[in-house]
4 protein chains.
Amino acid sequence: MSNPAQPIDVAVIGATGYTGRELLRLLARHPNARVKLVTSRQHQGTLISDIHPVLRGVIDLPCVQLDLSAIADSCAFCFCALPHGTSMEICGQLVERGVRVIDLSADYRLRDPNLYAEWYNRSHRDAAHLKEAVYGLPELFAADIARARLVANPGCYPTAAVLALAPLAEASAIHLDRIVIDAKSGISGAGRSPSLDFHFPECDENLWAYKPGEHRHTPEMQTVLAQIAGDEATVRVLFVPHIVPLERGILATIYAPLRRRETTEDLLDMYSAYYAGSPFVRVSPDLPRVKNTAYTNFCDLSVRVVGDTVLVFSALDNLLKGASGTAVQNLNLMLGLPETAGLLP
Amino acid sequence: MSNPAQPIDVAVIGATGYTGRELLRLLARHPNARVKLVTSRQHQGTLISDIHPVLRGVIDLPCVQLDLSAIADSCAFCFCALPHGTSMEICGQLVERGVRVIDLSADYRLRDPNLYAEWYNRSHRDAAHLKEAVYGLPELFAADIARARLVANPGCYPTAAVLALAPLAEASAIHLDRIVIDAKSGISGAGRSPSLDFHFPECDENLWAYKPGEHRHTPEMQTVLAQIAGDEATVRVLFVPHIVPLERGILATIYAPLRRRETTEDLLDMYSAYYAGSPFVRVSPDLPRVKNTAYTNFCDLSVRVVGDTVLVFSALDNLLKGASGTAVQNLNLMLGLPETAGLLP
Amino acid sequence: MSNPAQPIDVAVIGATGYTGRELLRLLARHPNARVKLVTSRQHQGTLISDIHPVLRGVIDLPCVQLDLSAIADSCAFCFCALPHGTSMEICGQLVERGVRVIDLSADYRLRDPNLYAEWYNRSHRDAAHLKEAVYGLPELFAADIARARLVANPGCYPTAAVLALAPLAEASAIHLDRIVIDAKSGISGAGRSPSLDFHFPECDENLWAYKPGEHRHTPEMQTVLAQIAGDEATVRVLFVPHIVPLERGILATIYAPLRRRETTEDLLDMYSAYYAGSPFVRVSPDLPRVKNTAYTNFCDLSVRVVGDTVLVFSALDNLLKGASGTAVQNLNLMLGLPETAGLLP
Amino acid sequence: MSNPAQPIDVAVIGATGYTGRELLRLLARHPNARVKLVTSRQHQGTLISDIHPVLRGVIDLPCVQLDLSAIADSCAFCFCALPHGTSMEICGQLVERGVRVIDLSADYRLRDPNLYAEWYNRSHRDAAHLKEAVYGLPELFAADIARARLVANPGCYPTAAVLALAPLAEASAIHLDRIVIDAKSGISGAGRSPSLDFHFPECDENLWAYKPGEHRHTPEMQTVLAQIAGDEATVRVLFVPHIVPLERGILATIYAPLRRRETTEDLLDMYSAYYAGSPFVRVSPDLPRVKNTAYTNFCDLSVRVVGDTVLVFSALDNLLKGASGTAVQNLNLMLGLPETAGLLP
């Protein structure tokens, strides 16, 4: 257990994106952590608060060049918010220098390097640490996270989907090979780099599906659900993400064939019991709305049985519970703090 | 064939809602129609352009009390945009007085009065005309519409879903009893009456599902699809609508199990052939975006095969192709005009 | 100075509006305050978190009927978020029972009961406490607030405008009788009651001015600015508010004729010096954007001299710095805590 | 007068931007014009409807390289939607080849080449045609436009501002050297090239002022207003544009000191009289809202007198009345058609 009187110094690598910004917002108010150092390749010397003016007067550190020794010398923990492909060049080395790392990229999420190579079109270059990395979904893997040197923070869509399906998968209540996940996401999920698709006049008052059946979060969902369901399980997810005109928020509407007759009421009870010890999962008979989760670390769930299909509805803030909020929750677990430290409301 | 030199006089009953407004916009620029008379119970005497200021200088008629004789005396055609339940008190009588009616409510869409009673919680009070009413989806029932005295203009969601599924249903390519329709709609679909759900600060930056498996457009979809597929077909649709924060637009993402192996390319060809004669259905390999259909009468479709599931994507403007645009298209058919009259671009 | 080990119990009267909700969000994370009691006339018995689902798992108190004794017995502080006209029936009585009150309505903001009567179309019924009430703008009146029994929390527009103009008014740098304030506000400022104007399809993609020269915040601005400028000053503000389609945020663009030649640089320096001790006012050469203040208690200011006119730009979150954030800041002052307690970032 | 049976062939140069797209939408439904040819440097060979999918099935021409002879051989009219600086390389040459040109750039709007050089940071390279160009605001200069070979289509902000102020300027009712124009614009006005400022997550729920007193539309407004007011007039406009989160729409709120006592009613009458013959200017006692002008060619105006200041409110669709709609209105004038041809509603 850490000493609350002495906040832990942490580094944030790649702080100029949206997840970096949200991480800094959360850490600034965290009672037990202090941002010591932020890095940016492109904006070296610039104050991070000039890049994210919302942080002015909150965190006014200058961005520095990435220097592994400097981080290892000054910080016990490091968040890495680099793009995938780049992250695996860095995280392993930090771990070897004694820094505990929470990686927000996809690089350490898929245990199997072949699966990584297949979906990310490049071979994995840090297989050693890939093997030891812990999938950082606190509601499911808290004990492992607490001990981990390297945590692979989950993707935004997988967080919504896995939390939604875990109780059913663990109870063997559904046919795991015929799951449809129709997810809708706000546009901050696409990152901070401008492009025509996300130019305001293009996506305002617009709505579309993209990469149906081909999104890289598919194998992540399948792997984790198979792990929950047990070794023999074959999980097949048809995942179709959509873009909706709002800044932050994911709603996943999930359709799965039941293996036995169930009622909405029983399943709601089952979900409530399953998440009784999880302060950031709220189960309710009311269908969730993303706005109730915006700027929070909550994932809101509800369930409906319609005929022989179960529908699960899952809402969260993609930048918080879908990224930086869970990252801080993981930090809390690794520090032996209450999961909610610095994260309420 | 009507004489283009002499525009037809038409009446609009219940012109104060959004579909009424859009109807008036379209009719104002229609080369062969002239709005003669608009009615409103609540706003008698008020200029319709004071209720819908967008119409100022375009259509400045005063709202009058509904008077069947006055309509029958002056108009050959009447659009009825009353709420369901009220519409069936009026439309039959107009038809009997020789007015051809296009009804935008749900009252004449379900051929079976029992089905109507079950889903609309009231018994149908105009069974005679219910029997003769033609379902007004021009792409499928043009010949019947052309001759009809009473046209039941389709619902917004059924228009999106039925146009998306008709080629597959007619070709017996899918299991019709396991269709999932995950639809997302802009908020004008909820009508013009204020409520907390659709108060701007509540639905801005928000997103939610509603009435999963219970929406009244379900039987409408099932009935029409069964009609297309042939008498023996059992159609079961799991329809889940969602609210997205934009004014106008529906995107339906549809999942159906294939009965035989198909490719995306073949299905795209099949769709293109099926809609070759339909000027308002655009089939493309690109996934549709609602904004490309906004303020138009187009329905944009695309298809993807993923494993043994076919995905159909269908986008339209719920107020136009999903309501008033199709209503004008029906008028064109009834007048023997080109379907596109007054509706391009 | 309060004992940080023992949080203060506070009551929130009229918690079902947006300012009530935001107040509860802030208080839930405040290290030195605890919400003991929330009242609602309309929703007695309902959990406040069923009215504001964002609060589920955060504050799940049931709404109780307003009972002055119950509040006085259990709470040292009370926030009153009732509509104006109602608030003055309550606040004085609470004060007399020993409760220190922060009133978010307009009832105690105008020192002069005649001015109140003129602008609010009713006579003031608590003149005694009106006289003692302190105008709760912490940046200007901290010492008085710290001692106050009754604090009149400022209006959202006056907060933006007065913080923007105070340095100029105090320095006698502008003609105070020819100020133009063109303010733009998000829609949460209009409250939580649905109406046609703020029905999503009406105000989405829309923009308009309202009550030009007639808004009730005009006398509030004029009174406070006159107080800052000194007794002889005649302040005349032409205030024109506008509605813009976003949930939260005010941007005030202010035009004032300079009394002497000034430069942008000098005025920026003057502003920085003026607000050096104010943790929630950020002065910058960059023009402020409301999004940088959203979900924060900051007011961002910038200045430009164009010819003989000075332009001041002022941005804040109308629900936080424009209402509930300032209310908590006042609580902090009244408790002898740092102004920033519970309010960062 | 042209023969309505034979539509005029027109070319659109630089059709890939938003004004190009809107021009094509309007021309597609114009009864007397036919788009013969569209050019794009960057997208040669691509269908214009693949760049603007809203045009699929409406205008499916391939983009061709700019070739002055080809245009002169096939088109009597040409719209030029190139960026300023580029436009003046082309338009003069087209005019000399006998093509009548409507230029949507800023290149021919400022009669004085020195003023152009000062505000656009480059010297004007087509002074000859600059001299002959007619400022294309149809409500003010219809007769000149009808005869023109080269029309300089006005800027979006100047259209809103000049229509708002013309009656007052002509009547010498205001001090022309102390006008404040606080304008708010939707984001399509910034064009179709992506940038961080207009990346959806940056400008959604945001609001800011830019270039206060420095925007290039300032001299355009001043020049035209001086022309209306008469030779001796000194016009000084303090113009402050703002970005608001909507796609299309400008609202200008204008403050001007009256030279004599006036009433709101008298000024409304004056405005109505002034614009009695202008089908696209709607004067109303109601304050205008941009949404009532969206997708139309209307400019909506209202007026208020507050003390010795007159406020004028002006709303329009920046892409239509503020650009392409006025361009088509100019085409109509040049063809001797009714101004409203193809532009209603």
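1. C:Arg149 is partly exposed, with a relative accessible area of 36%. C:Glu132 is also partly exposed, at 30%. These values, like the others in this note, come from a predicted model. The two residues form a salt bridge in which the closest N and O atoms are 2.8 Å apart. C:Arg149 sits in the loop between helix 7 (138-147) and strand 7 (150-152) of chain C, while C:Glu132 belongs to helix 6 (residues 127-132), so the pair ties together parts that are 17 residues apart in sequence.

2. A second pair is found in chain B. B:Lys321 and B:Glu139 form a salt bridge, with 2.9 Å between the closest N and O atoms. The pair links distant parts of the chain, 182 residues apart: B:Lys321 is in helix 12 (residues 320-335) and B:Glu139 is in helix 7 (residues 138-147) of chain B. B:Lys321 has a relative accessible area of 0% and is buried. B:Glu139 has a relative accessible area of 13%, which means that B:Glu139 is buried too, the limit being under 20%.

3. In chain A, a salt bridge joins A:Glu22 to A:Arg25, with the closest N and O atoms 3.8 Å apart. The cut-off for a salt bridge is within 4 Å. Both residues lie in helix 1 (residues 18-28) of chain A, three residues apart, or about one turn of the helix. A:Glu22 is buried, at 2% relative accessible area. A:Arg25 counts as buried as well, with 13% relative accessibility.

4. A:Glu22 and A:Arg25 belong to a network of salt bridges whose other members are A:Arg21, A:Glu247, A:Arg248, A:Asp317 and C:Lys291. The network therefore includes residues of chain A and a residue of chain C. Over all chains, the structure holds 88 salt bridges.

5. On the relation between copies, chain C is superposed on chain A by a rotation of 180° with 0.0 Å of shift along the axis, and the RMSD is 0.0 Å. That is the relation of a two-fold axis. The same surface serves both copies, since 100% of the contact residues of chain C recur in chain A.

6. Between chain B and chain A, 37 residues of chain B are in contact with 38 residues of chain A. The area buried between these two chains is about 3,200 Å², and carbon and sulfur atoms give 61% of this area.

7. The polar side of the contact between chain B and chain A can be listed briefly. Four salt bridges are counted between the two chains. A salt bridge is formed by A:Asp197 with B:Arg289, the closest N and O atoms being 3.0 Å apart. The count of residue pairs in polar contact between chain B and chain A is 22, with both residues at pLDDT 80 or more.

8. Several elements of chain B supply at least two residues each to the side that touches chain A. The strands among them are strand 8 (179-185), strand 9 (208-209), strand 10 (237-243), strand 11 (250-257), strand 13 (299-306) and strand 14 (309-316). Helix 9 (200-203) also supplies at least two residues. By residue type, the side of chain B that touches chain A divides into 20 nonpolar, five polar and twelve charged residues.

Methods:
Residues are numbered from 1 along each chain as its sequence is written. Chains are lettered from A and ligands numbered from 1 in the order in which they are written. This is a predicted model: local features need pLDDT of at least 70, side-chain atom pairs count only at pLDDT 80 or more; totals for chains, interfaces and linings use all residues. Side-chain values use heavy atoms; hydrogens and water are left out. A salt bridge is a side-chain nitrogen of Lys or Arg within 4 Å of a carboxyl oxygen of Asp or Glu. Helices (H or I, at least four residues) and strands (E, at least two) are DSSP runs, numbered from the N terminus. Buried means under 20% relative accessible area, exposed over 50%, partly exposed in between (1.4 Å probe, protein chains only). Copies are superposed by least squares on the C-alpha atoms of residues with pLDDT of at least 70 in both. Contact means heavy atoms within 4.5 Å. Buried area is the accessible area (1.4 Å probe) that two parts lose on being put together, summed over both. A polar contact is a pair of N or O atoms within 3.5 Å; within protein, one must be able to donate a hydrogen and the other to accept it, and residues adjacent in sequence count only if both atoms are side-chain atoms. Ala, Val, Leu, Ile, Met, Phe, Trp, Tyr, Cys and Pro count as nonpolar, Asp, Glu, Lys and Arg as charged, and the others, Gly among them, as polar.
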